[in-house]
Amino acid sequence: MTRTYLSRNPSVLWFLLILSLFTLGVTVLSEAYGVAFLSTSFIKTLGKTLCLCLAALAMDLIWGYAGILSLGHMAFFALGGYMIGMWLMYARTEGIVITALSNEALPATAQEIQNGIAAQIFGVVGASELPPVWGFAHSLPLQLMLVVLVPGVLALVFGWLAFRSRVTGVYLSILTQAMTLALALYLFQNDSGLRGNNGLSGLQNIPGLDGVSQDLISVWFLWASAFALGLGYLLVAWVVSGKFGSVIRAIRDDEARVRFLGYSVEGYKLFVFTLTAIIAAIAGALYYPQAGIINPAELAPIASIYLAVWVAIGGRGRLYGAVIGAAFVSLLSSWFTGGRAPSINLGFYTINWVDWWLILLGLSFVGVTLFAPKGIGGLFDLWQGLRSPDRKGATLGPDDGSLMEKEAKE
């Protein structure tokens, strides 16, 4: 009897069950639908954390399974936020302009409304016309398509150029970081068409929902973020569970041998790179309406490094580890940097965690790398009594001609 995918992967069911219970519990404790135990701001923090977990899931697929350390995936995350932010800002501004012009003696023309929208949005950077990149900002369906297409096409072009040249290892990481830095520097310019350093703001005000309170909207976005994370986990788990997953893991472990066996290594890498870019962009499109603002600083290369740190702390090569790492570090960061962590007075010096958080995060990353390479996810191995095999040079196959372990001790 053929077993279903979920029956062969019970961990996926467990994850979806825990995610569902978490979402239900937060809803019950919310101000909108429950006992008002959790504040609206904290529910927004939880919703944003779920989006970061989805981005970490993409990072784990590209790095943990395919072995490609990309330091540019937060650029795709931010691009997704920019694409949906353009519609949010345009539609909200359109409502304001139409309301203001309704008091005029003559009905406003479409061109007058367009000019008013442009002046409202771009007056801060000294412009009065909508740039061409805003050509689809009036349409939500088109902007949702751009959430997928813009990061996807960028990843496809960049990946094709990099992988066909067989750039690997640290050189590829540097290239992805350079791409991110170049994009950030471009967006910082006022003539980029995205308001330069000012970015897009007021994204928490959803057009058409002016009469709906933020406590309701925060829970709705929490539901959407949880749903996206559940679908993303299901998709990525399906990708890594079959033959495709075996091939990308083989590419990670020995790319030359996989190429020798006749597989299109570049094709596999390009597919994973593009897929994870799209997943990160969708996460960003859900994140920034909850954050309320996006600017080019969100594309800074350090953000992608943070993403890699989260995955490493959670456990690289484990989907649930990436989610745990992102959730753990994100919530801990909010606690330390939000001023909720009490300062420690040593007499001669006062430790303010806002100033020390990044140092603490860096030390945690170094500690995990040196002493716990499996990350937090490795605790599940200890709980189940699992240990990595210590072959010490023993054959890895059924006959004496099989590959010997490269790191075998002499």
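Let's start with D254, which counts as partly exposed at 24% relative accessibility. The cut-offs for that word: buried is under 20% relative accessible area, exposed is over 50%, and partly exposed is in between, with a 1.4 Å probe and protein chains only.

Two sentences on the source. This is a predicted model, so local features need pLDDT of at least 70 and side-chain atom pairs count only at pLDDT 80 or more, while totals for chains, interfaces and linings use all residues. Residues are numbered from 1 along each chain as its sequence is written, and side-chain values use heavy atoms, with hydrogens and water left out.

Back to D254. Its side chain meets that of R257 in a salt bridge, at 3.8 Å from N to O. To count, a side-chain nitrogen of Lys or Arg must be within 4 Å of a carboxyl oxygen of Asp or Glu. R257 is partly exposed too, with a relative accessible area of 40%.

How many salt bridges does the structure hold? The count is 6.

Next, E255 and R259. They form a salt bridge, with the closest N and O atoms 3.0 Å apart. Both residues sit in helix α10, residues 255-260. They are 4 residues apart, about one turn of the helix. A word on helix names: helices are DSSP runs of H or I with at least four residues, strands are runs of E with at least two, and the numbering goes from the N terminus.

Is E255 buried or exposed? Buried, with a relative accessible area of 19%. R259 is partly exposed, at 22% relative accessibility.

R259 has another partner. Its side chain also meets that of E266 in a salt bridge, 2.5 Å from N to O. Through shared partners, salt bridges join R166, E255, R259, E266 and K269 into one network.

Stay with R166 for a moment. It lies in the loop between α6 and α7, the latter being residues 169-187. R166 is exposed, with a relative accessible area of 52%. Its backbone deserves a look. R166 has a positive phi of about 55°, although it is not a glycine. Most residues other than glycine have a negative phi.

Which other residue has a positive phi without being glycine? A36, with phi near 60°. A36 is in the loop between α2, residues 10-29, and α3. At 44% relative accessibility, A36 is partly exposed.

Now T27, in helix α2. T27 is buried, at 12% relative accessible area. Set aside neighbours within four places in sequence, and T27 is in contact with Y33, G34, V219 and W223. Contact here means heavy atoms within 4.5 Å.

On to helix packing. Two packed helices are described by the angle between their axes and the distance between the axes. Our pair is α3, residues 40-65, and α9, residues 243-253. They pack at about 55°, with axes 8 Å apart. That makes α3 oblique to α9.

The axes are lines fitted to C-alpha atoms, for helices over the stretch in contact, and angles run from 0 to 180 degrees between N-to-C directions. Under 35 degrees is roughly parallel, over 145 is roughly antiparallel, 65 to 115 is roughly perpendicular, and the rest is oblique.

Which residues make the contact? From α3, they are L61, G64 and Y65. From α9, they are I248, R249 and R252. By class, the contact of α3 with α9 has 3 nonpolar, 1 polar and 2 charged residues. For the classes, Ala, Val, Leu, Ile, Met, Phe, Trp, Tyr, Cys and Pro are nonpolar, Asp, Glu, Lys and Arg are charged, and the others, Gly among them, are polar.

Cysteines next. The structure holds 0 disulfides. The cut-off is a pair of cysteine sulfur atoms within 2.5 Å. C53 is in no disulfide either, and its nearest cysteine sulfur is that of C51. Both residues are buried: C51 at 2% relative accessible area, C53 at 1%.

Last stop, V124. It lies in the loop between α5, residues 110-122, and α6, residues 140-164. V124 is partly exposed, at 48% relative accessibility. Not counting residues up to four places away in sequence, V124 touches R195 and N198. V124 and L185 are 61 residues apart in sequence, and 19 Å apart in space, C-alpha to C-alpha.

That's the tour. Thanks.
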